[in-house]
Amino acid sequence: MNENEIRKKVIDTAYKYLGYNQKDGTDDIIIKKYNAIRPNGGYKMSMSDSWCAAFASVVGQESGFGKIIPVECSCERLIAKFKEKKTVFLGKIKKRVYLCQ
């Protein structure tokens, strides 16, 4: 699988969640999926938690790239894990880190 195919697979996986949000509760499925894959002893998310980092973890697992996309529900810790792994998402054109607000 080349780089573009990998990107497409991750984006296609993420795209199926387009429109999920906290307002109507559709984000609950992402939180439930995260809780099913969270590390032993890891934080169990509640349905009122922010879910941006958990979303990235779920997409990583579902797209088959769980070894390079860490499982984490904290944006700060997820970014730290990406930096530790020195793998994806540092970008070739511009280095960017997208933070949850």
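Modeller: Let us begin with a single residue. Tyr 34 touches Pro 39, Tyr 43, Met 45, Ala 54, Ser 57, Val 58, Val 71, Glu 72 and Cys 73, when residues up to four places away in sequence are not counted. Please keep in mind that this is a predicted model.

Colleague: Which residues have the most contacts inside the largest nonpolar core?

Modeller: They are Tyr 34 and Met 45, and the core itself has 19 residues. The elements that each give two or more residues to this core are α1 (3–15), α2, α3 (52–62) and α4. The largest share, 4 residues, comes from α3.

Colleague: As the model is predicted, where is the confidence lowest and where is it highest among the helices?

Modeller: The mean pLDDT of the protein is 85, and 84% of its residues reach 70 or more. Helix α4 (residues 75–85) has the lowest confidence, with a mean of 85, whereas helix α2 (residues 28–37) has the highest, at 97. Over residues 90–101 the pLDDT is below 50, and this stretch has 10 contacts in the model beyond near neighbours in sequence.

Colleague: How should I read a pair of aromatic rings?

Modeller: A pair of aromatic rings is described by the distance between the centres and the angle between the planes. Here the count comes to 3 aromatic pairs.

Colleague: Which parts of the chain does the pair of Tyr 17 and Phe 55 tie together?

Modeller: Tyr 17 lies in the loop between α1 and α2 and Phe 55 lies in helix α3, so the pair ties together parts that are 38 residues apart in sequence. Tyr 17 is buried, with a relative accessible area of 6%, while Phe 55 is partly exposed at 24%. Phe 55 also forms an edge-to-face pair with Trp 51, at 6.2 Å centre to centre and with 75° between the planes. Trp 51 has 15% relative accessibility and therefore counts as buried, the cut-off being under 20%.

Colleague: Which residues form the aromatic cluster?

Modeller: Tyr 17, Tyr 20, Trp 51 and Phe 55 form one aromatic cluster. Two of these names return when we consider Asp 27, which is in contact with Tyr 20, Asn 21, Gln 22, Met 47 and Trp 51, leaving aside neighbours within four places in sequence.

Colleague: Where is Asp 27 found, and is Asp 27 buried or exposed?

Modeller: Asp 27 is found in the loop between α1 and α2. Asp 27 is buried yet has no salt bridge. The nearest side chain of opposite charge, that of Lys 32, is 9.7 Å away, and a salt bridge would require a nitrogen-to-oxygen distance within 4 Å.

Colleague: Which residues are linked with Glu 62 in a network of salt bridges?

Modeller: Lys 16 and Lys 33 are linked with Glu 62 in that network. The side chains of Lys 33 and Glu 62 meet at 2.9 Å, N to O. This pair links distant parts of the chain, with Lys 33 in helix α2 and Glu 62 in helix α3, 29 residues apart. Lys 33 is partly exposed, with a relative accessible area of 28%.

Colleague: What is the N to O distance in the salt bridge of Glu 72 and Lys 81?

Modeller: The distance is 3.1 Å. Glu 72 counts as buried at 7% relative accessibility, whereas Lys 81 counts as partly exposed at 27%.

Colleague: Finally, which residues does Ile 37 touch?

Modeller: Ile 37, found in helix α2, touches Ser 57, Val 58, Gln 61 and Val 71, not counting residues up to four places away in sequence. The C-alpha atoms of Ile 37 and Ser 57 are separated by 8.7 Å, although these residues are 20 residues apart along the chain. Ile 37 is partly exposed, with a relative accessible area of 29%.

Key:
Residues are numbered from 1 along each chain as its sequence is written. This is a predicted model: local features need pLDDT of at least 70, side-chain atom pairs count only at pLDDT 80 or more; totals for chains, interfaces and linings use all residues. Side-chain values use heavy atoms; hydrogens and water are left out. pLDDT is the predictor's confidence in each residue, from 0 to 100. Contact means heavy atoms within 4.5 Å. A nonpolar core is a set of buried Ala, Val, Leu, Ile, Met, Phe, Trp, Tyr and Cys residues joined through side-chain atoms within 4.5 Å. Buried means under 20% relative accessible area, exposed over 50%, partly exposed in between (1.4 Å probe, protein chains only). Lys and Arg count as positive and Asp and Glu as negative; His and the chain ends are not counted. Rings of Phe, Tyr and Trp (its six-membered ring) pair if their centres lie within 6.5 Å; planes under 30 degrees apart count as stacked, over 60 as edge-to-face and the rest as tilted.
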